[in-house]
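Let's work through some exercises together. Have a look at the sequence and the 3D structure below, then try each task before reading its solution.

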Amino acid sequence: MTKKLYIRTFGCQMNEYDSDKMADVLGANEELVKTDNPEEADVILFNTCSVREKAQEKVFHDLGRVKHLKQLNPNLIIGVGGCVASQEGAAIVERAPYVDVVFGPQTLHRLPNLIAQRKESGRAQVDISFPEIEKFDSMPPARVEGASAFVSIMEGCSKYCTFCVVPYTRGEEVSRPLDDILTEIAGLTAQGVKEVTLLGQNVNAWRAPLTKGSDEMGDFAFLLECVHDLPGIERIRYTTSHPREMTPRVFEAYAKLPKLVSQLHLPVQSGSDRVLAAMKRGYSVLEFKSIVRKLRAARPDLSLTSDFIVGFPGETEADFEATMKLIDDIGFDGSFSFVYSPRPGTPAADMADDTPQELKLARLARLQKRIDEQYAEHSQRMVGTVQRILVEGPSRKNAEELAGRTDNNRIVNFPGNARQIGHFINVKIVSALPHSLRGEVVIAD
C-alpha cells in the first residue's frame, strides 16, 4: 500500500522550494507520495515561516487541527520544519507533545533519519542545527513537472536588519558551489525545464570558488553568465536581491545577458533615510535611486517590484510621505507591503512604537492603492504589444484556455492549444485586467 505525505507550506518561494525538497527526500528514502488530503497521510509536515505576525500561534492552530488524526492513527508522523521550528525548537514538542519531529531549514535532508529515530526510540526528535552545505550534498536529484523550476543557490543572511529574524532562523550566508548549481540546472533542462529562478535570502550575495579548492572567487554576475550559457535555458529569474549587493557587474549583466528577464524584485522597505538607518539597511534613498538609474540604463524596460514595511517603530508622517514620494519617483510595478510587526529576538522588537495601529493600516492602504495604480498603468501600456510568454498550463479561471507568464512576470490568459504547454510563444496583449492580461497567439508568417 502506497504511503502518503501531506505538506502545508507557509511563506515565500524559498519555503516552496524546501517543501519540494522534503517531498524529494521522503520520496526517495521512504517511497512517500504527496497528497492534498491530510486525513489519508502517513506523514504530515508543516513547513513554517516566521516573517509574518503571530506565526507561532498560526502553526499551533494548524497543529491542533490535525491532532485528532494522531489519535485515530498512532503511527502517523507529524513534523514541524522551517523558521518557526528554528525559533521554537523543543518548545514545540513541549506545547504539542503529539509532534514527532522538529527540524530547521538546514536539516530537512535529515528527515528520514529523524523519522527512523522517532520510531525506534519512541521519543520526539529535534534538530535545528546549521550544518552549512550538507543539506545540498544530501539531496536526491530534483524531480520536476513543467518548464520552469526553482534552484536554491545560497542559504541564510548576514545583513542583520533590525526587523528581520532570518539570520537567527536560517543562519549566516552560505553559498552553494558553482559546479553543484550548474549540475542541478543541467539535470533540470534534461527534464524539459526552460526557465529557472535562482533563490536565496540575499541571492545576489552569492560568492563561491570558480573550481573546488580554487582561491579565485566567482560573483553573482559570473553565475548568471554561466547559467546563461547552459544549453536549454531560455529564461533566468532570481529572488530575493538586496540593494547592497547590486554591483557594477550585475548592472553589466542586464546589458549583455538577454536571457535574464527584464523584471527585478529589489526590496527597499522605506523611502526615509532615518527609517532605513533604524532598519540597518545599509543604504540611503539617494543610493537606492542611483542603483535603479544604473539598472534602467542597462535595461530601459526593466520592471521593478519591491518590499515595503509601513509603521516601523518611530515612523513619522514625514517618513511615510518620503516613502510615497519614492514610489512616485521610481514607478514600481508591484510590491509586497505589510504593517510592521515585531519578531521576537530582533533589535526592532525592543524599539518604542507609539503609532496607532489604525494609522498604520490607513498608511498601508494608501501605499497599496498607489502601487496598484502604477501596476495598472504599466499593464495598460502593454496592451497592443507582442510578448514572449512561457506557457505554463490551463488557465485557472477557464480550463479551455491556456495561461503563460511574460518576461516581466505577468500572467496572460489566452485561447490556445495544449501542445503549446511548456513552450515559448508570442502573444499579442489585447486587454489588461486588475491581476492579469488577455492575449491572442501571434501566428508566424
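Here are two exercises with step-by-step solutions.

This is a predicted model, in which local features need pLDDT of at least 70, side-chain atom pairs count only at pLDDT 80 or more, and totals for chains, interfaces and linings use all residues. Residues are numbered from 1 along each chain as its sequence is written, and side-chain values use heavy atoms, leaving out hydrogens and water.

**Exercise 1.** Describe how helix α12 and helix α13 are arranged.

*Solution.* Start with the idea: two packed helices are described by the angle between their axes and the distance between the axes.

Step 1: the axes of α12 (residues 285-298) and α13 (residues 317-330) come within 12 Å and cross at roughly 15°. Axes are lines fitted to C-alpha atoms, for helices over the stretch in contact, with angles from 0 to 180 degrees between N-to-C directions.

Step 2: α12 is therefore roughly parallel to α13 (angles under 35 degrees count as roughly parallel).

Step 3: find the contact (heavy atoms within 4.5 Å). Val285, Lys289, Val292 and Arg296 of α12 meet Lys325, Leu326, Asp329 and Ile330 of α13.

**Exercise 2.** Which parts of the chain does the salt bridge between Arg118 and Asp100 tie together?

*Solution.* Step 1: check the pair. The side chains of Arg118 and Asp100 form a salt bridge at 2.8 Å, N to O (a side-chain nitrogen of Lys or Arg within 4 Å of a carboxyl oxygen of Asp or Glu).

Step 1: Arg118 lies in helix α5 (residues 111-121) and Asp100 in the loop between α4 (91-95) and β5 (101-103), so the pair ties together parts 18 residues apart in sequence. Helices (H or I, at least four residues) and strands (E, at least two) are DSSP runs, numbered from the N terminus.

Step 2: widen the view. The whole structure has 36 salt bridges.

Notes. Parallel < 35°, antiparallel > 145°, perpendicular 65-115°, else oblique.
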